[in-house]
Amino acid sequence: MHETAVAQSLVDVISQEVEKYRGKPLRAKLSCGQLNAINDEVLSFAFEAIAQGTACAGMTLEIEHKPLLAKCRACGRDFAVELSSVRCPGCGGGDFELLPDAPLLLEQIEFEGTEDDEGGCRQEGAQCQ
Ligand SMILES: [Zn+2]
C-alpha cells in the first residue's frame, strides 16, 4: 500500500532528525497535493504501527492537502481548481492547463520543549546532563 511506504520513509527521515536534535518529537507536519491520494487516517495508522519501538513512537501527523492549481490560457492567472466549477476566477474562461501537483513534503517536525528553552543545551552535540 502506498501509505505504508510513505509511513516507512517518514519514520526513517524523522528518526535521523531526532538523532540530530536529541529531543522528543511530538508532531510532524506534512503537505501533499491532490493527486497523491494520501488517506490521512490510513497514513496515521501505518505510521503509528511502524513507529512502535522507534524514536517516532507516539508522534502525531498533521497532513495538509494543497489544492490542485491551474493556469488560465486566456489571462494567465493561477488558480486552485475546484471540481464544482472549473472556471478561471479571473476571466471566467474554461481554457487552462493544470500545473504540476504539489509533492508530498515533510514540512516540519515539532520537538518537545523547543518553544521554551529551560536552560537546556542548544549546541549541537553538547552533553546536556
Ligand atoms: Zn482567465
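1. Is valine 11 buried or exposed in this predicted model? Valine 11 counts as buried because it has 22 C-beta neighbours inside 10 Å, and the cut-off for a buried residue is 20 or more. Buried residues make up 15% of the 129 residues in the chain.

2. The confidence of the prediction should be kept in view. The chain averages a pLDDT of 87, and 87% of the residues score at least 70. Residues 117-129 are a stretch to set apart: pLDDT stays under 50 there, and the model has six contacts beyond four places in sequence for this stretch. Where pLDDT is low, the predicted coordinates should not be read in detail.

3. As to the overall layout, the chain has two helices and six strands. Read along the sequence, these elements follow the pattern α-β-α-β-β-β-β-β. Among contacts between residues at least 6 apart in sequence, 67% join residues at least 24 apart.

4. To return to valine 11, its place is in helix α1, which covers residues 2-21. Leaving aside neighbours within four places in sequence, valine 11 is in contact with Phe47, Ile50, Ala51, Thr54 and Cys56. Glutamate 48 lies 37 residues away from valine 11 along the chain, and the C-alpha atoms of the two are separated by 9.4 Å.

5. Valine 11 also belongs to the largest nonpolar core, which has 15 residues. The residues with the most contacts inside this core are Ala7, Leu10, Val11, Ile14, Ala28 and Phe47. At least two residues of the core come from each of α1, β1 (25-32) and α2 (40-51).

6. Phenylalanine 47 deserves a separate remark. Beyond its neighbours within four places in sequence, phenylalanine 47 is in contact with Ala7, Leu10, Val11 and Leu61. Ala7, Leu10 and Val11 are also listed, with Phe47 itself, among the core residues with the most contacts.

7. Which strands form the open sheet, and in what order? Three strands take part, in the order β4-β3-β5, and their pairing is antiparallel. At the edges are β4 (78-80) and β5 (96-98), each of which pairs on one side only. The twist from one strand to the next averages 35°.

8. Within that sheet, strand β3 (residues 69-72) pairs with β5 in the antiparallel sense over three bridges. Cysteine 72 stands opposite phenylalanine 96 in β5. In general, strands of a sheet pair through backbone hydrogen bonds, either parallel or antiparallel.

Conventions. Residues numbered from 1 in each chain as written. Predicted model: local features only at pLDDT ≥ 70, side-chain atom pairs only at ≥ 80, totals over all residues. Helix = DSSP H or I, 4+ residues; strand = E, 2+ residues; numbered from the N terminus. Buried ≥ 20, exposed ≤ 12 C-beta atoms within 10 Å, placed from the backbone. Contact = placed C-beta atoms within 7 Å. pLDDT = per-residue confidence, 0-100. Pairing = 2+ DSSP bridges. Axes fitted to C-alpha atoms, helices over the stretch in contact; angles between N-to-C directions. Core = buried A, V, L, I, M, F, W, Y, C linked by C-beta atoms within 7 Å.
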